[in-house]
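Me: I am new to this structure. Please show me how to read its features, one at a time.

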Amino acid sequence: LLKPKTGTIEFEGKNIAEANRLSVRRSYTMVLQDTWLFSGTIAENIAYAKPDCDRDEVVRAAKIANAHDFIEKLPDGYDTIIWPGGYDLSGGEKQRIAIARAILGDPKILILDEATSALDTENEYQVQTALERLRKGRTTFAIAHRLSTLKNADRIAVIDDHKIAELGTHNELLKKK
């Protein structure tokens, strides 16, 4: 696993170098700017995070992710087949499926990498509200270029030239300009 040059990284109170790899991998989920969907049904793509789940769990996760309404409008709803990469869906629809997948996986740690950067205003709103629900009770690392994306963060680190240039809340950083 991770072996820092100095110091230690702890996971659940133990040095991560000694932690079980599978346990660490199951504890986090990433929602990236470029979401990858697999060839198969919408339900299978969501259930990927928890293969033994039932349809009710998939639907519940989709509702929390603001995906249920658009899924229901698809030709076969949750059984609609999508092609690899999900190219037959909009960017916002793919993001919401990825968020539903993350919700179903119930991670302790959530990593968001530019999860809303390429979306139109309506889809960005839908994804942002879904992400707010997903973040509750989780440690979240959000990577974004727009400060407004991080307005609800407890703490923001501004990275410049591989170093922390500023640290604070959204309002504190706005005051510093």
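Reply: Start with a term. A salt bridge is a side-chain nitrogen of Lys or Arg within 4 Å of a carboxyl oxygen of Asp or Glu. Helices are DSSP runs, numbered from the N terminus. Keep in mind that this is a predicted model. Now take R135 and E132: their side chains meet in a salt bridge, 2.9 Å from N to O. The two are three residues apart in helix 6, so about one helical turn separates them.

Me: How many salt bridges does the whole structure have?

Reply: The general idea is that side chains of opposite charge can pair when their charged atoms come close. A search of the whole structure finds four salt bridges. One of them joins D79 and R55, with the closest N and O atoms 2.7 Å apart. This pair links distant parts of the chain. D79 sits in the loop between helix 4 and strand 5, while R55 is in helix 3, 24 residues apart. D79 is partly exposed, at 43% relative accessible area. R55 is also partly exposed, at 38%.

Me: Which side chain does E57 meet in a salt bridge?

Reply: The side chain of K50, at 2.5 Å from N to O. E57 is partly exposed at 24% relative accessibility. K50 is partly exposed at 29%.

Me: Where does R96 lie, and which side chain of opposite charge is nearest to R96?

Reply: R96 lies in helix 5, residues 91–105. R96 is buried yet has no salt bridge. The nearest side chain of opposite charge is E93, 5.3 Å away. The cut-off for a salt bridge is 4 Å.

Me: Which residues does R96 touch?

Reply: Leave out residues up to four places away in sequence. R96 then touches A65, N66, A67, F70, N123, Q126 and V127.

Me: How do I check the length of helix 6?

Reply: Helix 6 covers residues 121–135, which is 15 residues. At 1.5 Å a residue, the helix should span 21 Å. The end C-alpha atoms are 21 Å apart, which agrees.

Me: How should I read a positive phi?

Reply: Most residues other than glycine have a negative phi. N66 has a positive phi, near 60°, and is not a glycine. N66 is in the loop between helix 3 and helix 4 (68–73). H162 has a positive phi too, near 65°, and is also a residue other than glycine. H162 is found in the loop between strand 8 (156–160) and strand 9 (163–168).

Me: Is N66 buried or exposed, and what of H162?

Reply: N66 is buried, with a relative accessible area of 17%. H162 is exposed, with 79%.

Me: Which residues form a nonpolar patch on the surface?

Reply: Look for exposed nonpolar side chains grouped together. Here W36, F38, Y48 and Y87 form a nonpolar patch. Together these four have about 500 Å² of accessible area. Y87 is in the loop between strand 5 (81–82) and helix 5. At 64% relative accessibility, Y87 counts as exposed.

Me: Now step back. How many helices and strands are in the chain?

Reply: The chain has seven helices and nine strands. Along its principal axes, the C-alpha trace spans about 50 × 40 × 25 Å.

Me: How much of the chain counts as buried, and what area does the chain expose?

Reply: Of the 177 residues, 40% count as buried. The chain exposes about 11300 Å². Carbon and sulfur atoms supply 51% of that area.

How values were computed:
Residues numbered from 1 in each chain as written. Predicted model: local features only at pLDDT ≥ 70, side-chain atom pairs only at ≥ 80, totals over all residues. Heavy atoms only, no water. Helix = DSSP H or I, 4+ residues; strand = E, 2+ residues; numbered from the N terminus. Buried < 20%, exposed > 50% of the residue type's maximum accessible area, 1.4 Å probe, protein only. Lys, Arg positive; Asp, Glu negative; His and termini not counted. Contact = heavy atoms within 4.5 Å. Patch = residues over 30% accessible without salt bridge, like charges linked within 9 Å, V, L, I, M, F, W, Y side chains within 5 Å. Areas by Shrake-Rupley, 256 points an atom, 1.4 Å probe, with all protein chains shown as cover. Expected span 1.5 Å × (residues − 1).
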